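Please have the structure open as you read.

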Amino acid sequence: MRAKKLFALFLSLAFLVGTVGVAVAQEKKMDKPTANPCAAKPAAKAKTAEGTVRSVSDTSLVVEGKDKKEWIFAISGKVAESVKKLKAGDAVKISYTEDGGKMMAGRVTAAKMEKKAANPCAAKNPCATKK
C-alpha cells in the first residue's frame, strides 16, 4: 500500500511539473512579436523642398523649384490654414512626405530665396582696374 501511495504521489508531481512547463513555454511563445498585416505602416521619412508659390487652393499648393520643375503638394488641416496667407511669387520651404505617389505637405514656411547677381563685382566693384 505504501508503494502505491508513493507511486501516485510521484505520478501527480510529474503531471504537475509537466503542466507548469507547458504553460511557461506557451507564455514565452506568446511574448515573441509576430508579423501583423494589420499593423500600422512605419512613418514615412520627411523630405524638404524649396521654391516659389505658383498657386494656392483649399486642398493643394503648387510650387515651382529652382530648376523650373513644378510640384503639387496636398494640404489639409493646420497646413491649409497656414498657407491661406501665401500668394503667387512667395518663396517657401516645405516639409513633406510621399504616400502612394502623393506628396503631403507637413509644414510650409516662408523662405528667403537668394538671388545671385549676374556680375559678382557689381556691389563694391573690387574688380575695377586701379588708375
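What follows moves from the overall fold to the core, the salt bridges, a hairpin and the surface.

**Ground rules**

This is a predicted model, in which local features need pLDDT of at least 70 and side-chain atom pairs count only at pLDDT 80 or more, while totals for chains, interfaces and linings use all residues. Residues are numbered from 1 along each chain as its sequence is written, and side-chain values use heavy atoms, with hydrogens and water left out.

**The overall fold**

The protein chain has 2 helices and 5 strands. Helices (H or I, at least four residues) and strands (E, at least two) are DSSP runs, numbered from the N terminus. In sequence order, the pattern is α-β-β-β-α-β-β.

Of the 131 residues in the protein chain, 20% are buried. Here, buried means under 20% relative accessible area, exposed means over 50%, and partly exposed is in between (1.4 Å probe, protein chains only). Contact means heavy atoms within 4.5 Å. Among contacts between residues at least 6 apart in sequence, 46% join residues at least 24 apart.

**The nonpolar core**

A nonpolar core is a set of buried Ala, Val, Leu, Ile, Met, Phe, Trp, Tyr and Cys residues joined through side-chain atoms within 4.5 Å. The largest one has 17 residues, and Leu61, Phe73, Ile94 and Val108 touch the most other members. At least two residues of this core come from each of strand E1 (47-56), strand E2 (60-64), strand E3 (70-74), helix H2 (77-83), strand E4 (91-99) and strand E5 (102-110). In soluble globular proteins, nonpolar side chains tend to be buried together.

Setting aside residues up to four places away in sequence, isoleucine 94 touches Lys47, Thr48, Ala49, Leu61, Val63, Phe73, Ala105, Arg107 and Val108.

Apart from neighbours within four places in sequence, methionine 103 is in contact with Trp71, Ile72, Phe73, Ala74, Tyr96, Thr97 and Glu98. The C-alpha atoms of methionine 103 and isoleucine 75 are 8.9 Å apart, although 28 residues separate the two along the chain.

**Salt bridges**

How many salt bridges does the structure hold? There are 5, a salt bridge being a side-chain nitrogen of Lys or Arg within 4 Å of a carboxyl oxygen of Asp or Glu. Side chains of opposite charge can pair when their charged atoms come close.

| Lysine 47 | Glutamate 98 | 2.8 Å |

Lysine 47 and glutamate 98 form a salt bridge. Because lysine 47 lies in strand E1 and glutamate 98 in strand E4, this pair ties together parts that are 51 residues apart in sequence. Lysine 47 is partly exposed at 38% relative accessibility, and glutamate 98 is partly exposed at 36%.

Arg54, Glu64 and Lys68 are linked in a network of salt bridges. Glutamate 64 is buried, with a relative accessible area of 14%, whereas arginine 54 is partly exposed at 36% and lysine 68 is exposed at 63%.

Two strands pair if DSSP finds at least two bridges between them. E2 and E3 pair in the antiparallel sense over 5 bridges, and leucine 61 has phenylalanine 73 in E3 as its bridge partner. The two strands form a hairpin with 5 residues between them.

Most residues other than glycine have a negative phi.

**The surface**

The accessible surface of the protein chain comes to about 11300 Å², of which 59% belongs to carbon and sulfur atoms. Accessible areas come from the Shrake-Rupley method with a 1.4 Å probe; for residues, only the protein chains shown count as cover.

Leu6, Leu9, Leu13, Leu16 and Val20 make a nonpolar surface patch of about 480 Å². Patches are made of residues with over 30% relative accessible area and no salt bridge: like charges are joined within 9 Å, nonpolar side chains (Val, Leu, Ile, Met, Phe, Trp, Tyr) within 5 Å. Leucine 13 is found in helix H1 (residues 2-31) and is partly exposed at 47% relative accessibility.
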